[in-house]
Amino acid sequence: MPASTHSPVSVLGLGMMGSALAAALLKAGHPVTVWNRSPAKSGPLVAQGAHPAAAPADAVTASPLVIVCLLTNDTVQEVLDSLGDTVAGKTLVNLTNGTPAQARRLSEWAAGRGAAYIDGGIMAVPQMISGPDAYVFYSGDKDAYEAHRTTLAAFGGTKWVGTDPGRAALYDLALLTGMYGMALGVLQAFALVRTENISAEEFSELLVPWIGAMLTGAPEWGRAIDTGRHLTDVSSIAVNQAAFPNFLTTFRDQGVSPELFEPFQTILDRAFAEGHAADGLSRLADLLALKR
Ligand code: NAP
């Protein structure tokens with residue numbers, strides 16, 4: 001194994017995700033220094049060989065590579081502000097969920113203190129870290145990324161998405177947007193069938209393949225959105241706009257709140273009113289773009 005594979009790494013933040021990241025680094029053979037606001041959370045990692053640091057600056061001093069995984073980027077900024085000049089010459093990899101604008105600001109903050117900054121978006125839950133389905137988007141300082149890529153591979157797949165530090169957060173939030181959209185639909189469907197005492201778990205056996213089959217149409221939507229050619233012979237705005245009141249009415253009739261779905265009727269109505277009746281639902285992505 002190359003020596004760099006075992007270079008020291010520090011982890012700031014030992015919540016559910018930070019603990020999984022630190023454990024993965026230990027498993028990969030790195031000397032790992034850990035810091036957490038509530039020190040008790042370092043116990044299980046110390047038992048696996050991690051070194052506890054009393055303060056974030058001590059953890060940063062211990063390693064050239066510092067992984068940050070806190071609740072929010074406001075928290076990250078607070079912790080980074082406590083580091084003084086210990087951060088100069090270090091590489092910060094921030095895997096905290098945040099916005100592209102926050103990532104760009106943190107990158108500027110790091111550059112102003114002589115540190116390299118990489119932002120990341122983790123596409124996994126803690127239990128998936130190091131497993132075959134986990135991966136992380138990275139963007140920012142490419143040289144630092146190349147230097148530490150082997151180490152970062154301890155978490156799972158590494159997907160580089162560009163030198164704009166905000167890009168990883170954009171990919172992360174876009175994928176999670178798809179996930180939350182799916183969750184809204186699944187939960188609304190469950191709420192609906194429960195009004196007739198149908199088991200939600202049993203209904204999921206119908207829901208899962210149905211959603212999977214519908215998702216196979218996503219590349220076609222993507223092509224329509226990329227080319228601006230939305231005309232469809234599959235399912236038009238007109239058909240969906242005419243049918244959608246049935247959903248809102250049924251939710252109300254069955255005693256289920258329509259609040260999550262009313263906005264969909266609004267945008268279908270707008271698409272229809274603006275002359276897109278013959279287009280497919282892909283047209284809605286264009287209508288969602290706000291003028292900037
Ligand atoms: P968590 O278990 O709630 O851990 C939050 C961490 O942030 C803890 O270390 C906590 O310290 C620290 N923290 C909160 N406020 C702080 C403050 N004011 N000062 C210092 N430290 C503070 O959350 P998590 O699941 O590990 O998530 C961490 C990040 O990973 C989040 O941005 C999350 O969106 C992202 N993420 C999570 C998952 C997931 O499935 N869990 C998946 C992808 C990405 P204490 O222990 O002292 O409270």
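Me: Which residues come nearest to the ligand?

Reply: Happy to walk you through it, and keep in mind that this is a predicted model. Around the ligand there are 21 residues, and those that come nearest are Met 17, Asn 36, Ser 38, Lys 41 and Asn 97.

Me: Which elements give two or more residues to the shell around the ligand, and in which pocket does the ligand sit?

Reply: The ligand sits in the second largest pocket. Helix H1 (16-27) and helix H4 (73-81) are the elements that give two or more residues to the shell. H1 gives the most, with three residues.

Me: What should I look for in the backbone around the ligand's oxygen atoms?

Reply: Look for polar backbone atoms facing an oxygen atom of the ligand. At Met 17, a backbone N or O atom lies 2.7 Å from a ligand oxygen. For Leu 71 the distance from a polar backbone atom to a ligand oxygen is 3.0 Å, and for a backbone N or O atom of Gly 15 it is 3.2 Å. As for cover, the ligand on its own has 900 Å² of accessible area, and the protein covers 77% of that.

Me: Now the charged side chains. How many salt bridges does a search of the whole structure find?

Reply: The general idea is that side chains of opposite charge can pair when their charged atoms come close. Here, the search of the whole structure finds seven salt bridges. One of them pairs Asp 164 with Arg 104, with the closest N and O atoms 2.9 Å apart. Asp 164 is in the loop between strand S8 (157-160) and helix H7 (167-194), while Arg 104 belongs to helix H5 (residues 100-111), so this pair ties together parts that are 60 residues apart in sequence.

Me: Which residues do shared partners join into one network?

Reply: Lys 142, Glu 146 and Arg 149 are joined by salt bridges that share partners. Between Arg 149 and Glu 146, the closest N and O atoms are 3.5 Å apart. Both residues lie in helix H6 (residues 142-152), about one turn from each other.

Terms used. Residues are numbered from 1 along each chain as its sequence is written. This is a predicted model: local features need pLDDT of at least 70, side-chain atom pairs count only at pLDDT 80 or more; totals for chains, interfaces and linings use all residues. Side-chain values use heavy atoms; hydrogens and water are left out. A salt bridge is a side-chain nitrogen of Lys or Arg within 4 Å of a carboxyl oxygen of Asp or Glu. Helices (H or I, at least four residues) and strands (E, at least two) are DSSP runs, numbered from the N terminus. A residue is near a molecule or strand if one of its heavy atoms lies within 4 Å of it. A polar contact is a pair of N or O atoms within 3.5 Å; within protein, one must be able to donate a hydrogen and the other to accept it, and residues adjacent in sequence count only if both atoms are side-chain atoms. Accessible areas come from the Shrake-Rupley method with a 1.4 Å probe; for residues, only the protein chains shown count as cover. On a 1 Å grid over the protein atoms alone, a cavity is a set of points where a 1.4 Å probe fits but cannot get out, and a pocket is an open set with protein on both sides within 12 Å along at least five of seven lines; lining residues have an atom within 4 Å of a point. A molecule sits in a cavity or pocket if more than half of its atoms lie within 2 Å of its grid points.
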